[in-house]
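User: I would like to go through the packing of this model with you. Could we begin with the nonpolar core?
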Amino acid sequence: MAYDEFDDEEIYELPPTKWDKIKPLLKFFITPKFLLFLGIMFAIYAVVWAVRPSDDEYFYKRGIIYSRRGLYDKSKEEFKLSLKKNPDFVKAQYELGRINMIQDNFDEAKDRYSKVIEINRKNEYQEPTVVLNSHLGLALSYMAKEQLDRAETEIQKAQEIDDKNADIY
């Protein structure tokens, strides 16, 4: 048999590779319009990421939403995630105390409220309303445990913080 009798294409034809299957897609994705679209999407993503609240605030806000819907277990998880990012975040500590009061976990609530007061004392009372509410929460938790003398002490501390409305307490 002479060399001329063979069909060169038939002998050397290889099965299609993965690369051969991807080539048509690459022709589509490497067009100027697609690259412009990709650039715009990246810019939008960068802007959204830049203005996103810090992680502790993000989890705190999610916890508030769950709490308002009555999903207290999910809310507690979000507040704990917030505290993982920022252990001194008093609002998340306070909300955990409040939810523990709702769920009748008075000892845990006392711990959370005490932590709020401690953190605020360390930070020179940056959140006076939260501190006031924490004293009142502590008073309620002491009342629930029938420790009325300690509850009275916490109410007096709340009155010192908010002397304008002392009659209410």
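User: Of the 16 residues in the largest nonpolar core, which touch the most other members?
Analyst: Tyr94, Met101, Tyr113, Val116 and Leu138 do. A nonpolar core is a set of buried Ala, Val, Leu, Ile, Met, Phe, Trp, Tyr and Cys residues joined through side-chain atoms within 4.5 Å. Buried means under 20% relative accessible area, with exposed over 50% and partly exposed in between (1.4 Å probe, protein chains only). This is a predicted model, where local features need pLDDT of at least 70 and side-chain atom pairs count only at pLDDT 80 or more, while totals for chains, interfaces and linings use all residues. Residues are numbered from 1 along each chain as its sequence is written, and side-chain values use heavy atoms, with hydrogens and water left out.

User: Which elements give two or more residues to this core?
Analyst: Helix 6, helix 7 (106-122), helix 8 (128-144) and helix 9 (148-161) do. Helix 7 supplies the largest share, six residues. Helices are DSSP runs (H or I, at least four residues), as are strands (E, at least two), numbered from the N terminus.

User: Is leucine 138 buried or exposed?
Analyst: Leucine 138, in helix 8, has a relative accessible area of 3% and is therefore buried. Not counting residues up to four places away in sequence, leucine 138 touches Lys110, Tyr113, Ser114, Ile117 and Glu154; contact means heavy atoms within 4.5 Å.

User: And what is tyrosine 94 in contact with?
Analyst: Leaving aside neighbours within four places in sequence, tyrosine 94 contacts Tyr113, Val116, Val130, Asn133 and Ser134. There is also a second, separate core of eight residues, including Tyr60, Phe89, Leu96 and Ile99.

User: Changing topic: how do helix 5 and helix 6 cross?
Analyst: The axes of helix 5 (residues 72-85) and helix 6 (residues 90-102) come within 9 Å and cross at roughly 155°. Axes are lines fitted to C-alpha atoms, for helices over the stretch in contact, and angles run from 0 to 180 degrees between N-to-C directions. The two helices are therefore roughly antiparallel, a term for angles over 145 degrees.

User: Which residues make that contact?
Analyst: Helix 5 contributes residues including Tyr72, Ser75 and Phe79, and helix 6 contributes residues including Leu96, Ile99 and Asn100.

User: Where is serine 67 found?
Analyst: Serine 67 lies in helix 4 (residues 55-68) and is buried, with a relative accessible area of 6%. Apart from neighbours within four places in sequence, serine 67 is in contact with Tyr72, Ser75, Arg98 and Ile99.

How values were computed. Angles under 35 degrees count as roughly parallel, over 145 as roughly antiparallel, 65 to 115 as roughly perpendicular and the rest as oblique.
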